[in-house]
Amino acid sequence: MALADAYIPIKTLHISTALLSGGVFFLRGILALYGSRLSENLILKRLSYVDDTILLVAGVLLMRITQQYPFAQAWLGLKLALILVYIVLGVHALRKARTAVSRRLFFFAALGLYLTVILLARHHLSFNAVLHPI
């Protein structure tokens with residue numbers, strides 16, 4: 001089977017792992033906001049690492065299959081930049097923030113970015129298209 005023949009299964013895997021990643025982050029974030037030690041549960045953390053690794057590999061494979069790369073496709077470059085910001089916000093929400101208020105702000109900002117990335121991926125919008133809709 002050629003890599004291109006695997007497009008649908010890889011895309012399905014990528015979407016599934018993206019949704020699982022957001023779900024695990026949401027669960028850990030809610031647990032952390034309520035002061036539960038379960039937010040640092042080793043199984044949840046490991047699940048997150050494994051899922052995010054599969055998500056990344058599936059994304060790279062999709063780029064290769066479709067020949068769409070971050071520097072050539074504005075929507076994909078924006079998506080990757082927002083994912084990096086989402087990761088930073090998520091780390092602050094779950095580990096680095098010192099106050100409950102800052103944890104909440106980081107958590108909800110990260111969730112907002114997660115939803116933005118999903119929208120961006122779904123509709124392949126570029127930053128320019130968002131600023132200047134037709």
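A salt bridge is taken here as a side-chain nitrogen of Lys or Arg within 4 Å of a carboxyl oxygen of Asp or Glu. The model is predicted: local features need pLDDT of at least 70, side-chain atom pairs count only at pLDDT 80 or more, and totals for chains, interfaces and linings use all residues. Residues are numbered from 1 along each chain as its sequence is written, and side-chain values use heavy atoms, with hydrogens and water left out.

**Figure 1. Salt bridges around Glu 40.** The structure holds 2 salt bridges. In one of them, the side chains of Lys 45 and Glu 40 meet at 3.0 Å, N to O. The side chains of Arg 28 and Glu 40 form a salt bridge at 3.4 Å, N to O. This pair links distant parts of the chain, with Arg 28 in helix H1 and Glu 40 in the loop between H1 and H2, 12 residues apart. Arg 28 is buried, with a relative accessible area of 6%, and Lys 45 counts as buried at 19% relative accessibility, whereas Glu 40 is partly exposed at 32%. Buried means under 20% relative accessible area, exposed over 50%, and partly exposed in between (1.4 Å probe, protein chains only). Side chains of opposite charge can pair when their charged atoms come close.

**Figure 2. The largest nonpolar core.** A nonpolar core is a set of buried Ala, Val, Leu, Ile, Met, Phe, Trp, Tyr and Cys residues joined through side-chain atoms within 4.5 Å. Of the 19 residues in the largest core, Phe 25, Leu 82, Tyr 86, Phe 107, Ala 110, Leu 113 and Leu 120 touch the most other members. Helices H1, H3 (74-96) and H4 (100-123) each supply at least two residues of this core, and H3 gives the most, with 8 residues. Apart from this core lies another, of 5 residues, among them Ala 6, Ile 10, Leu 62 and Ile 65.

**Figure 3. The surroundings of Phe 25.** Leaving aside neighbours within four places in sequence, Phe 25 is in contact (heavy atoms within 4.5 Å) with Tyr 86, Gly 90, Leu 94, Phe 107, Ala 110 and Leu 111. Among contacts in the chain between residues at least 6 apart in sequence, 70% join residues at least 24 apart.

**Figure 4. A nonpolar surface patch.** Leu 13, Val 50 and Ile 54 make a nonpolar patch of about 240 Å². Patches are made of residues with over 30% relative accessible area and no salt bridge; like charges are joined within 9 Å, and nonpolar side chains (Val, Leu, Ile, Met, Phe, Trp, Tyr) within 5 Å. Val 50 is placed in helix H2 (residues 42-66). Accessible areas come from the Shrake-Rupley method with a 1.4 Å probe; for residues, only the protein chains shown count as cover.

**Figure 5. Helices and confidence.** The chain has 5 helices and 0 strands, where helices (H or I, at least four residues) and strands (E, at least two) are DSSP runs, numbered from the N terminus. Among these elements, helix H1 (residues 7-33) has the highest mean pLDDT (95) and helix H5 (residues 127-131) the lowest (53). The pLDDT is the predictor's confidence in each residue, from 0 to 100.
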